[in-house]
Amino acid sequence: MERIQKEITVDSKIENVETLTAFVEESLAPYSPSIKAQTQINVAIDELFSNVVNYSGSSKMTLLIDVDKDVLTASLTFIDEGVAYDPLAKADPDVTLSAEERKIGGLGIFLVKKTMDGIEYRREGDKNILKVVKKLV
Amino acid sequence: MQIEKKVENSVMTIALEGRLDTMTAPQLEGEILGKTDGIVELNFDFAKLSYISSAGLRVLLTAQKIMNKQGKMTICNVCAEIKEIFEVTGFSDILTIV
């Protein structure tokens, strides 16, 4: 099985969402991901990194990317040292409500769950480890 | 992201270019909140918008709630990737996509 692995660590500052997106796009470019898959991955980076920045209290975040060339699938692992937080424990928002009834929030992780092919969370020592898996084609 | 805003009488048109994400959503919110007095029609043009995250959806929801009270809001030229995000989140039932 052929795979590539890369990682990047950035300060927990919202503008670094661009650094992370550029890093991932560059890492995936050799595998020509579909525009749709790349867009969904970019949205996932935005959602998961902004959660770390806004709520975790962690000063840094590490992103590991692991591409399995045989099945053209990417795994992105987000690691922070903030407060324990399992985003998968939260109930999904009710997406059938009207504009007036809709609450602002809770949509980010829901979007990630819906657009990625797999998502898992674990707490390891003082680390939150959230991994998403996405087929590139 | 680039925001091109035009107000003609009571019609406001906002064309977006780039990414409406966690970093740029506050910029758009700033162009709308407190600036819609007398506006009865708010039209967004997404022709050059490549993606939207939940931070962007939140601003659209806020704008929709404002316009529900004083007129109408539409979004045109939505690309397939953004349309799918609207569908998954139920926003396609809340927003008027033309």
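In the predicted model, strands β1 (residues 2-8) and β2 (residues 11-20) of chain B are paired in the antiparallel sense, with seven bridges between them. Within this pairing, Q2(B) lies opposite E17(B), a residue of β2(B). The two strands, β1(B) and β2(B), make up a hairpin in which two residues separate them. In the turn of this hairpin, N9(B) adopts a positive phi of about 50 degrees.

Chain B also forms an interface with chain A. On the chain B side 24 residues are in contact, and they touch 28 residues of chain A. Between the two chains an area of about 2,200 Å² is buried, and carbon and sulfur atoms give 65% of this area.

Polar interactions across the interface of chain B and chain A include nine residue pairs in polar contact, where both residues are at pLDDT 80 or more. Four elements of chain B, namely β3 (41-52), α2 (54-70), α3 (80-88) and α4 (91-94), each supply at least two residues of the side that touches chain A. Of the elements of chain B, α2(B) gives the most to this side, with eight residues. By residue class, the side of chain B that touches chain A consists of nine nonpolar, nine polar and six charged residues.

The count of salt bridges between chain B and chain A is one. This salt bridge joins the side chains of K36(A) and E84(B), with an N to O distance of 3.2 Å.

Note on methods:
Residues numbered from 1 in each chain as written. Chains lettered and ligands numbered in written order. Predicted model: local features only at pLDDT ≥ 70, side-chain atom pairs only at ≥ 80, totals over all residues. Heavy atoms only, no water. Contact = heavy atoms within 4.5 Å. Buried area = accessible area lost by both parts, 1.4 Å probe. Salt bridge = Lys/Arg side-chain N within 4 Å of Asp/Glu carboxyl O. Polar contact = N/O pair within 3.5 Å; in protein donor to acceptor, adjacent residues only side chain to side chain. Nonpolar A, V, L, I, M, F, W, Y, C, P; charged D, E, K, R; others polar. Pairing = 2+ DSSP bridges.
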